[in-house]
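Open your viewer and get ready to select. We will go step by step.

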Amino acid sequence: MCGIVSYVGEKQARPILVGGLKQLEYRGYDSAGIAVQNGPKISCQRSVGKIIELEKKISSLDMDGTMGIAHTRWATHGEASEHNAHPHTDQEQRVFIVHNGIIENYAFLKKKLQKEGCRFYSETDTEVLAHLVGIQFDGDLAEAVRKTMSQVEGTFGIAVIHRDVPGEIVVARRGSPLVIGLSDEGHFAASDVSAMVRYTNQVIHLQDNELATLRKDDFLISTARAEPIQRSIETVEWHAEDAELNGFPHFMLKEIYEQPETVMNAMRGRLELGEGVPKLGGITPVWEELKKCRHLVIVACGTSYYAGSVGRYVFEKLTDIDVEVEVASEFRYRKLNFPPNTFIIALSQSGETADTLAAIREAKRKGARLLGIVNVVGSSISRETEAGIYNHAGPEIGVASTKIFTSQLTILILLALLLGRHQNLSLTEGAETIRALQKLPEQIRKILSQANHIEAIAEKYHTCRNWLFLGRKFNYPIAMEGALKLKEVSYIHAEGYAAGEMKHGPIALITPEMPTVAILPKDDMYEKMISNIQEIKSRRGPVIAITTEGNKEIGEVADEVIEIPPTLDFLNPILAVVPCQLLAYYCANLLNRDIDKPRNLAKSVTVE
Ligand code: F6R
C-alpha cells in the first residue's frame with residue numbers, strides 16, 4: 001500500500017508533491033510526510049491523518065526548494081503516528097527516504113544496525129533502509145542504494161535524497177510499482193501516474209531491481225549491477241480531469257455514473273456484429289493455445305473476485321471450458337492439478353494486488369499460462385502475464401471499486417463469447433449477445449435515472465444495522481458484491497448469500513429490522529427467488545427487490561422495487577449491480593461516512 005511521489009526540476013516542489021500525494025491518497029491515508037531539498041538543506045515534515053493535515057501543517061513553513069520526496073501511508077509496521085510517518089532518515093539526518101512495500105528481513109537488519117550503533121526513531125521497517133543508505137554512502141547515492149538493495153528482502157518502491165547530493169533523486173523498485181514521468185520542467189517518480197498526470201503524460205515504468213537517478217535535465221536508468229538501461233517512453237491515456245470530481249460530491253458516485261462510458265470503453269473496437277465474435281487484440285500472443293484451453297482458473301481478490309465468480313457462470317454457459325474461481329490469497333494453499341493448456345486469468349483493477357501477483361507466480365511455477373485483465377497500464381500483473389486485456393476505464397479513485405467491476409464483467413463476457421464462438425456457440429447466439437451488449441450503456445443510464453428513488457429507499461433503511469443480499473446463479477456473486485459495497489462504505493454489517501442457502505442458517509436472523517436485497521431479474525431463477533422472498537416476508541423481514549422492468553406482480557411481495565431493463569440472463573449482473581452500488585453510496589452518505597476513503601481500507605493492496 002502507501003504512495004510515494006518525488007520531483008526534481010525547475011518548479012517549486014512543495015505544491016507538486018502535495019498535489020501528487022492527494023492523487024495517491026487512495027493508496028493509504030493514515031499519515032503523510034514530505035521532504036523538500038534546497039541545496040544542502042532538507043526540510044522535512046510529517047503528520048498523522050489525511051494529506052490535508054500535512055498541507056495545513058506546512059502551509060506557513062518555509063519549504064522552498066525545487067526537489068523533494070513525499071509519502072502517504074497505510075500502516076503495516078507501527079501505528080499511524082508522526083514518528084512512524086515517512087520520510088525516514090539515517091543517524092546523521094543526511095538521507096531521507098520514502099518507501100512503499102515491506103522489508104521482510106528488517107528485524108534482522110535492525111538488530112545488526114543497532115549493534116553497530118544506529119539509533120532507531122520509529123517502529124517501521126523502512127527506517128533500516130535509511131540507515132543502510134546512510135552508512136554505505138561515499139559520494140555516490142545510486143551506489144549506496146544499490147548496496148542497500150542487495151541486503152534487503154521483501155518489496156519496495158523507494159525515493160531517496162541526500163544532503164550531500166543536491167539536485168539528485170534516486171528511485172528504485174522491487175515488487176512495488178514505480179513510474180517515472182518526464183517533462184521539460186523536470187522529472188517525477190511516483191507509485192502511480194495519477195500523481196504526475198497534471199504535468200506530463202510521458203512515462204517510463206521502472207521494472208523490478210532497477211534504479212533511476214533523476215536530475216532536472218536528465219535521468220539514467222540502471223540495473224542493480226549498475227548497467228545502464230534504455231527503455232522506451234510510453235504515453236499515458238489519462239488526463240488530469242479524469243482524476244477530478246467534476247462536480248460530483250464523491251469519486252464513488254462519479255465512477256458509478258461513469259459506467260455507461262466505461263462499459264462502452266471495455267467493448268470499444270472489440271465487437272464484430274457480422275461474425276458474432278469479439279476481437280481481443282491483447283490475447284493474440286497466446287491465441288493458438290487459448291483456443292485449445294479446456295481448463296481455466298480465475299484468480300482475484302475482493303470485488304474483482306466477485307467479477308470472476310460471475311465470469312465462471314458465463315464461461316460455463318457460453319463455452320465447454322471447466323472454470324474455477326479462486327480467492328487469490330487462498331490459491332497457494334490449494335493442490336491444483338493443471339491439465340495441459342490450463343490458463344489462469346488474473347483479474348485486477350490496480351494490477352498490483354500482492355495476493356493476486358503471488359497466485360500467478362505460483363501458477364506459473366506449476367506450468368499454467370497467464371492472462372491478465374487489468375485496468376492500470378504497465379502495472380505488475382500486466383507485465384507478469386503473457387497476454388491480456390485492458391479495461392481502458394480511466395483511473396478508479398474511490399476506494400470501493402464500482403466502474404471496474406462492470407468493466408471486468410464486460411470483458412469476461414467478451415472473452416467467453418470469443419472462446420464459445422470457436423466451440424459450439426452459433427453465429428445467431430454470438431450476434432444476439434453482441435446486440436445485447438451494445439444496449440448495456442443506455443440501460444445503465446436508465447438505472448442511474450432512478451437514483452432519487454434509490455436514495456429514498458436508502459433513507460428508509462440506512463439505520464438498520466444488518467442487511468442480507470440474496471441472489472442465485474449469475475446474480476449470486478452480485479449479492480456478495482452488493483453486501484461488500486454496503487459494508488465497505490457505510491460500515492453496515494451485510495451478508496451476501498446464495499438465496500438457496502438462506503434456509504440453512506441466515507433465515508434465523510430475519511426480523512423487521514433486517515432488510516433483504518433480493519436480486520431477481522426475470523430469468524430461470526425467478527420463481528425460486530420469489531419463494532425465498534415469501535420465506536422472508538412470512539418472518540416480517542423487509543424486502544428490496546431488484547427486478548426486470550414491467551414486473552407487475554413483484555409489488556405484492558416486495559416492500560420496495562428497483563427496476564432494471566430486460567437483457568440476456570448472463571448480462572443481468574452488469575445491470576443489477578448498479579442499484580446495489582447506489583444503495584451502498586446513499587446509505588454511506590446518509591451516515592456521513594468518509595465514502596472515498598473508508599476506514600482501514602486502501603485501494604491498492606500490496607501486502608499479503
Ligand atoms: C472493493 C475493492 C477491493 C478490491 C480488491 C482487489 O470495493 O475495491 O475488494 O477489489 O482489493 O483489488 P484489485 O482489483 O486492484 O486487484
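Begin with the cysteines: the structure holds 0 disulfides. Keep in mind that this is a predicted model.

**Stop 1: Cys464.** Select Cys464 and show its side chain. How far is its sulfur from the closest cysteine sulfur? The distance is 8.7 Å, and the partner is in Cys587. A disulfide needs two cysteine sulfur atoms within 2.5 Å, so the sulfurs of Cys464 and Cys587 are too far apart for a bond. Is Cys464 buried or exposed? Cys464 is buried, because its relative accessible area is 14%, and the cut-off for buried is under 20%.

**Stop 2: Cys293.** Select Cys293 next. Its relative accessibility is 0%, so Cys293 counts as buried.

**Stop 3: the domains.** Keep domain 1 and domain 2 on screen.

**Stop 4: where domain 1 meets domain 2.** Zoom in on the contacts. Here 13 residues of domain 1 are in contact with 11 residues of domain 2. The size of an interface is often given as the accessible area lost when the parts come together. Between domain 1 and domain 2, the buried area is about 1100 Å². Carbon and sulfur atoms give 53% of that area. On the side of domain 1 that touches domain 2, look for 5 nonpolar, 3 polar and 5 charged residues.

**Stop 5: pairs across the interface.** How many salt bridges cross between domain 1 and domain 2? The rule finds 0. For polar contacts, the count between domain 1 and domain 2 is 1 residue pair.

Conventions. Residues numbered from 1 in each chain as written. Predicted model: local features only at pLDDT ≥ 70, side-chain atom pairs only at ≥ 80, totals over all residues. Heavy atoms only, no water. Contact = heavy atoms within 4.5 Å. Buried area = accessible area lost by both parts, 1.4 Å probe. Salt bridge = Lys/Arg side-chain N within 4 Å of Asp/Glu carboxyl O. Polar contact = N/O pair within 3.5 Å; in protein donor to acceptor, adjacent residues only side chain to side chain. Nonpolar A, V, L, I, M, F, W, Y, C, P; charged D, E, K, R; others polar. Buried < 20%, exposed > 50% of the residue type's maximum accessible area, 1.4 Å probe, protein only.
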